Amino acid sequence: MLSPKLEEALNQQINAELYSAYLYFSMATYLSSIDLAGCAHWMHAQTQEELLHSSKMYEYVNERGGRVVLNAIKAPKTQWASPLEVFEDAYRHEQHVTSLINSLMELAISEKDHATQIFLQWFVSEQVEEEASANGVVQRMKLAQASPGGLFMIDKELSTRPVPFVLATANKA
Ligand SMILES: [Fe+2]
Ligand SMILES: [Fe+2]
């Protein structure tokens with residue numbers, strides 16, 4: 001059984017993952033509106049990843065005999081000044097999520113819940129990847145500012161990102 005504190009914290013993280021999906025979905029709509037189809041595609045893939053994260057947590061809470069309770073998801077930002085600003089926001093958001101995952105891990109340690117610590121290790125590693133991929137786009141966009149076709153090339157590159165398949169049984173994938 002999960003401790004009530006951990007059950008509550010994991011539920012909050014499910015909400016945070018769903019908010020991440022909503023935020024990236026909103027970023028995709030902005031990128032579509034300025035005709036950057038490749039960048040929008042990248043954000044759609046990111047949205048799917050976040051849904052996968054929420055599904056993993058949902059299944060884990062259930063497996064441990066907890067109860068998932070869904071709460072309101074706050075409205076995301078809807079407008080940005082440039083594609084660079086979008087990816088800077090995404091990078092900042094991933095840094096924030098990393099701090100949430102680290103706090104969850106600290107709680108699992110203080111609650112002496114070993115299974116949850118092992119479960120959260122996947123998220124700790126995933127955050128390293130998440131920060132690196134968002135920051136990678138930020139850096140390439142900054143470089144592209146100097147060359148006229150740069151943004152076009154990045155858009156083409158981002159259009160090739162594979163979209164993860166969200167399974168109902170995320171933990172078994
Ligand atoms: Fe996530
Ligand atoms: Fe993420």
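Q: Does H4 pass H5 in a left-handed or a right-handed crossing?
A: This is a predicted model: local features need pLDDT of at least 70, side-chain atom pairs count only at pLDDT 80 or more, and totals for chains, interfaces and linings use all residues. Residues are numbered from 1 along each chain as its sequence is written, while chains are lettered from A and ligands numbered from 1 in the order written. A crossing is left-handed if the near helix is turned anticlockwise from the far one by less than a right angle, and right-handed if clockwise. H4 passes H5, and the crossing is right-handed.

Q: How are H4 and H5 oriented to each other?
A: H4 covers residues 114-144 and H5 covers residues 150-158 (helices are DSSP runs of H or I, at least four residues, numbered from the N terminus). They pack at about 150°, with axes 8 Å apart (axes are lines fitted to C-alpha atoms over the stretch in contact; angles run from 0 to 180 degrees between N-to-C directions). Under 35 degrees is roughly parallel, over 145 roughly antiparallel, 65 to 115 roughly perpendicular, and the rest oblique. H4 and H5 are therefore roughly antiparallel.

Q: Which residues of H5 make the contact with H4?
A: Contact requires C-beta atoms, placed from the backbone, within 7 Å. H4 brings Arg-140, Met-141, Leu-143 and Ala-144. H5 brings Gly-150, Leu-151, Met-153 and Ile-154.

Q: How many nonpolar residues has the contact of H4 with H5?
A: Ala, Val, Leu, Ile, Met, Phe, Trp, Tyr, Cys and Pro count as nonpolar, Asp, Glu, Lys and Arg as charged, and the others, Gly among them, as polar. One residue of this contact is polar and one is charged. The nonpolar residues number six.

Q: What distance does H1 reach from its first C-alpha to its last?
A: H1 spans residues 4-33, a run of 30 residues. The expected span is 1.5 Å times one less than the number of residues. For H1 that expectation is 44 Å, and the model comes close to it, reaching 44 Å.

Q: Which residue just after H1 takes a positive phi?
A: Look just past the end of H1.

Q: How many charged residues has the contact of H1 with H2?
A: H1 and H2 pack at about 165°, with axes 8 Å apart. That makes H1 roughly antiparallel to H2. Their crossing is left-handed. The contact has 17 nonpolar and eight polar residues, and its charged residues number three.

Q: How many nonpolar residues has the contact of H1 with H3?
A: H1 and H3 pack at about 170°, with axes 11 Å apart, and are therefore roughly antiparallel. Among the residues that meet are Leu-6, Ala-9 and Met-27 in H1, and Val-86, Val-97 and Leu-104 in H3. Three residues of the contact are polar and one is charged; the nonpolar ones number 15.

Q: Which residues does Thr-98 contact, leaving aside neighbours within four places in sequence?
A: Thr-98 is found in H3. Its C-alpha is 5.8 Å from that of Gln-127, 29 residues away along the chain. Beyond its sequence neighbours, Thr-98 contacts Gln-127 and Glu-131.

Q: Does Arg-67 count as buried or exposed?
A: Arg-67 lies in the loop between H2 and H3. A residue is buried if 20 or more other C-beta atoms, placed from the backbone, lie within 10 Å of its own, exposed if 12 or fewer, and partly exposed in between. Arg-67 has 9 such neighbours, so it counts as exposed.

Terms used. Helix = DSSP H or I, 4+ residues; strand = E, 2+ residues; numbered from the N terminus. Contact = placed C-beta atoms within 7 Å.
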